[in-house]
Amino acid sequence: MSNKDHYLMSLLEEYPKYKEMLFCRGYIITTKELGYNSGYPFYGKWDKFEFCNETNKVNLNIYLHNWQQCYSHKEDDISIALIGHAYNPFDMKYQESEIIKDCIDSYKKSRNAFFEKVSELTGSHLIMLSSKDEIIVLQDGCGMMPLYYGKVNEELYLSSHGQLVADICGLSMSNEIQNYTKASFYKIGITQLCGLNSPFSELTMLSPNTTLNLNNLLVERFYPKLALSPADLGTKSNIEDVLKNSIKLCTEKWDCSISLTGGVDSKMTLAAANDCYGKLKYFSYISSEAESKDATAASEICSNLGLEHTIYEIPQENSMIRDFNIVASIMDHNQAYIRRKDNQDARKRAYFANHTNIKMEIRSNVSEVGRAFYYKKLGKKRFRYPLTPRNMSNLSKRNFFQRDILKFMDNSFMHFIDVTSFGDFPKGFDESDMFYWENRMPAWGALAIQSFDISHETTIIYNNRKLLEMYLRFPLEDRISDKLQQTIIRDLNPKLFEMNISNNNAMKNKKRILLERIFFELNSLF
């Protein structure tokens with residue numbers, strides 16, 4: 001074990017109540033029998049389930065943190081397990097036990113029917129299905145339930161936390177990832193690894209829209225398969241129905257709180273909740289100047305709508321948060337030390353863990369998949385396709401000077417392209433949108449969401465494959481201008497739309513956009 005591991009173990013022995021935060025809401029699936037009843041890293045806080053494939057003679061052990069849920073069902077020679085949560089805004093089913101039965105019924109018709117069914121689901125989940133022909137796993141729409149997989153000493157491991165496998169198997173962070181995460185450019189902007197990288201060379205990240213065959217560890221793309229037919233604002237009502245249905249299902253399942261800003265996605269979520277305002281709570285938080293502007297805008301919006309809104313002001317000193325160092329150490333370890341050490345960000349998570357009582361947070365992430373994110377970031381009206389590995393490196397991090405690391409980044413994205421068949425899309429799908437969806441979301445977004453697991457569970461109503469496809473059908477210019485989103489807000493809550501309250505997104509700064517584009521174009525040349 002490393003010095004970090006020993007330090008964390010000593011902290012947890014001194015403060016045993018925090019043992020349940022270690023890899024909280026996590027899972028690990030393996031062919032190996034693990035001792036999970038006591039001791040590091042499980043501490044008796046986990047349960048065990050068996051997943052057996054009699055035809056293939058493969059026995060898988062599912063170990064689950066006791067804050068996590070697993071639902072399973074078997075019919076004839078087909079078995080299915082769902083870890084996490086799911087709900088279907090297309091048929092209004094929200095009981096996972098019923099949803100997995102529907103998935104089996106669809107699989108009996110055809111594999112394509114099964115993939116169509118799971119694409120209707122919203123939530124954060126991993127689905128594992130076994131039949132006489134195969135054992136496959138796949139994730140929710142954007143991979144918000146992380147999956148790292150690989151073989152160590154001939155034993156198969158799949159887990160929500162790469163560090164958990166590392167602790168069990170004695171793995172160390174690869175030299176390449178150490179150099180990458182220690183580089184000066186890594187400290188700027190979001191923190192994410194490249195391609196399908198995990199912190200450990202023995203483990204690989206699965207990307208959304210692909211399945212993993214557990215018999216041979218081959219990855220297969222299952223989405224998209226059909227051309228994207230264009231849509232116009234006259235068909236936006238389909239999106240509006242899905243959003244309203246999603247909020248309704250959330251209120252049926254949980255005691256929910258919506259986190260709010262003054263941004264477009266947040267207002268669209270609030271507008272979709274129009275029929276359920278009395279069943280929800282509303283909050284924002286302030287840990288920075290930018291968040292202060294967001295919280296002020298959200299507070300004004302809620303006041304105008306007659307909704308009670310709570311603002312959590314995050315202390316500016318670590319000492320003002322109960323047991324901050326312990327909670328921060330657990331968070332670092334849970335995410336394998338790859339998230340930037342930012343006390344402001346850590347204070348936010350630690351504060352929510354020890355000073356609030358949120359049950360289920362409804363967030364508005366993922367919606368940017370349909371909002372032409374990279375077009376806005378670079379101020380571009382079109383990209384040259386196909387995207388190259390260097391293009392992808394430039395979209396991920398701003399690394400101009402450390403060329404040896406840049407080569408490693410490029411190679412990582414070349415591997416990503418090869419493994420996922422990236423770019424092999426039907427007509428109508430934009431590669432920059434799909435790159436945001438299939439790389440930025442699982443590599444950065446999923447870990448950002450996971451970091452709140454120490455406090456509360458999270459659901460994202462936009463994390464639905466079919467819903468995101470609906471957004472992508474609209475003209476690029478409408479998605480760049482947010483015309484579609486504004487129209488949806490107006491339709492679902494005219495009063496909210498007419499307030500014209502918004503935050504000042506730094507990405508709209510013309511100087512920043514110009515600098516981003518210059519870097520992208522120049523660093524793509526050589």
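**Salt bridges in a predicted model**

Arginine 111 has a relative accessibility of 28% and therefore counts as partly exposed, a class that lies between buried (under 20% relative accessible area) and exposed (over 50%), computed with a 1.4 Å probe on protein chains only. The model is predicted, so local features need pLDDT of at least 70 and side-chain atom pairs count only at pLDDT 80 or more, while totals for chains, interfaces and linings use all residues. Residues are numbered from 1 along each chain as its sequence is written, and side-chain values use heavy atoms, with hydrogens and water left out.

Arginine 111 forms a salt bridge with glutamate 220, with 3.1 Å between the closest N and O atoms; the term requires a side-chain nitrogen of Lys or Arg within 4 Å of a carboxyl oxygen of Asp or Glu. Arginine 111 belongs to helix H3 (residues 111-118) and glutamate 220 to strand E12 (residues 218-221), so this pair ties together parts 109 residues apart in sequence. Helices (H or I, at least four residues) and strands (E, at least two) are DSSP runs, numbered from the N terminus. Glutamate 220 is also partly exposed, at 35%.

The structure holds 34 salt bridges. One of them joins lysine 108 and glutamate 75 at 2.7 Å, N to O. Because lysine 108 lies in helix H2 (residues 96-109) and glutamate 75 in strand E4 (residues 70-75), the pair ties together parts 33 residues apart in sequence.

Arginine 473 and glutamate 469 meet at 2.5 Å, N to O. Here arginine 473 is partly exposed at 21%, whereas glutamate 469 is buried at 18%.

Salt bridges also link Asp91, Glu116, Lys117, Glu120 and Lys466 in a network.
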